[in-house]
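Welcome! Below are a few exercises with worked solutions, to be followed with the structure in view. Take them one step at a time.

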Amino acid sequence: MKNLNLRALALPLMLALGATVSYAAGLVPPRDLMLVGFLGYMLIDCPPFSNVAATGLTTVKFDNLIGYTVDRIILELGGTALTKAMLTQIRVLANEKEIINDTGTNMDLRNQYRGITANAAYLAIDFEEIRARTIVGQRVGSVDTLSAGINKLSAEVTITGATAPTLSSFAMLSMAPQADKQYNRLIAKVANRTFNPGGAGEFVFDFNYQRVPFSFVKRVHLIGATVTAARVKKNGIEIHKATNARKNFVQTEFQRTPQANMFTFDFVLDGNLSDALPLANAQSMEWYVTASGAGNITMLVELLDLLENN
């Protein structure tokens, strides 16, 4: 064998295995990654947050993430006292349009439900599904900034009651555009609403989202101590009905981790993103919750959606 290039043989194998390659190690120059198509993660620092204070709004512009696919943004909490409960609102905006609206506490509950271990110092803003069955499914919802036409990406975090806090972030990225051209414009969104049943009984709750192509529901979380059961009908047919006990049993069977005081409709329970609930063919949608009494219920809707929708 003449002129055998071991490096040339090793690189495609690493990529096929989805290996994470470190630029810092000097193993693979960035130019080579561009040529062969990098399938692993890049791990980079995000720009600093501005005006981090004990109470107030802090912001960051993710200018260095543009041109890539953003799979995850991880917040790093520090200082004398800064907990996830003190992050009372987290908003992510793409082209100045809100795509994520949540709190630190509820984001952590959603992550733990998916089997992500809680860590007091870190909080993941997840666009991908790290437990998906396939690589393509894993990254459906990751923010492919090129395919989605995103040239501005930012976050706003409201801090309440901290003591000398520090807040920074880093990102897990992959190359853009993503390989699956049919779905690489889809973005994982989280919409946030609150409603208040007047007392005990079953109530219809508002689910007013556009029934348009390329709009899918992954999960709906109902967070509140009074929720005991829920059901949903699509086009007049009941497609999901469960009590807390039934829901917890099924979700545990699929290695999810049900959270206290959080009722979750999970349409991608088995990790197959193709099971997400399509809204385009819904002539009617009816959502019902059974409550044990009056009390606020926060509804968090995880969508796979085009930037221009909803």
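**Exercise 1: A buried charge and its partners**

Glu-129 is buried, with a relative accessible area of 3%; buried means under 20% relative accessible area, exposed over 50% and partly exposed in between, using a 1.4 Å probe and protein chains only. Before going on, note that this is a predicted model, where local features need pLDDT of at least 70, side-chain atom pairs count only at pLDDT 80 or more, and totals for chains, interfaces and linings use all residues. Residues are numbered from 1 along each chain as its sequence is written, and side-chain values use heavy atoms, with hydrogens and water left out.

Task: find which residue forms a salt bridge with Glu-129, then follow the chain of partners.

Solution.
- Step 1. Recall the rule: a salt bridge is a side-chain nitrogen of Lys or Arg within 4 Å of a carboxyl oxygen of Asp or Glu.
- Step 2. The partner of Glu-129 is Arg-219, with the closest N and O atoms 2.9 Å apart. Glu-129 sits in the loop between S6 and H4, and Arg-219 in strand S12 (residues 215–223), so this pair ties together parts that are 90 residues apart in sequence. Helices (H or I, at least four residues) and strands (E, at least two) are DSSP runs, numbered from the N terminus.
- Step 3. Arg-219 is buried too, at a relative accessible area of 0%.
- Step 4. Arg-219 also forms a salt bridge with Asp-266, where the closest N and O atoms are 3.3 Å apart. Asp-266 belongs to strand S15 (residues 262–266), so the link joins parts 47 residues apart in sequence. Asp-266 is buried, with a relative accessible area of 7%.
- Step 5. Widen the view: Glu-129, Arg-219 and Asp-266 are among the members of a network of salt bridges, which also includes Arg-72 and Glu-302.

**Exercise 2: Another charged pair**

Task: which residue forms a salt bridge with Arg-139?

Solution.
- Step 1. The partner is Asp-71, with the closest N and O atoms 3.6 Å apart.
- Step 2. Arg-139 lies in helix H4 (residues 135–139) and Asp-71 in strand S3, so the pair ties together parts 68 residues apart in sequence.
- Step 3. Both Arg-139 and Asp-71 are buried.
- Step 4. In total, the structure holds 20 salt bridges.

**Exercise 3: A sheet and its helix**

Task: work out in what order the 4 strands of the open sheet are arranged.

Solution.
- Step 1. Two strands pair if DSSP finds at least two bridges between them.
- Step 2. The order is S11-S17-S13-S14, with antiparallel pairing. Strands S11 (201–204) and S14 (237–243) are the edges, each pairing on one side only.
- Step 3. Between S11 and strand S17 (residues 285–291) there are 4 bridges, and Gly-201 stands opposite Ala-291 in S17.
- Step 4. Helix H5 (residues 244–253) packs on the sheet and touches strand S13 (227–234) and S14, where contact means heavy atoms within 4.5 Å. The direction of H5 makes about 95° with that of S14; axes are lines fitted to C-alpha atoms, for helices over the stretch in contact, and angles run from 0 to 180 degrees between N-to-C directions.

**Exercise 4: A lysine in the helix**

Task: is Lys-247 buried or exposed?

Solution.
- Step 1. Lys-247 is found in helix H5.
- Step 2. Lys-247 is buried, with a relative accessible area of 4%.
- Step 3. Not counting residues up to four places away in sequence, Lys-247 touches Ala-242, Pro-258, Met-262, Phe-263 and Thr-264.
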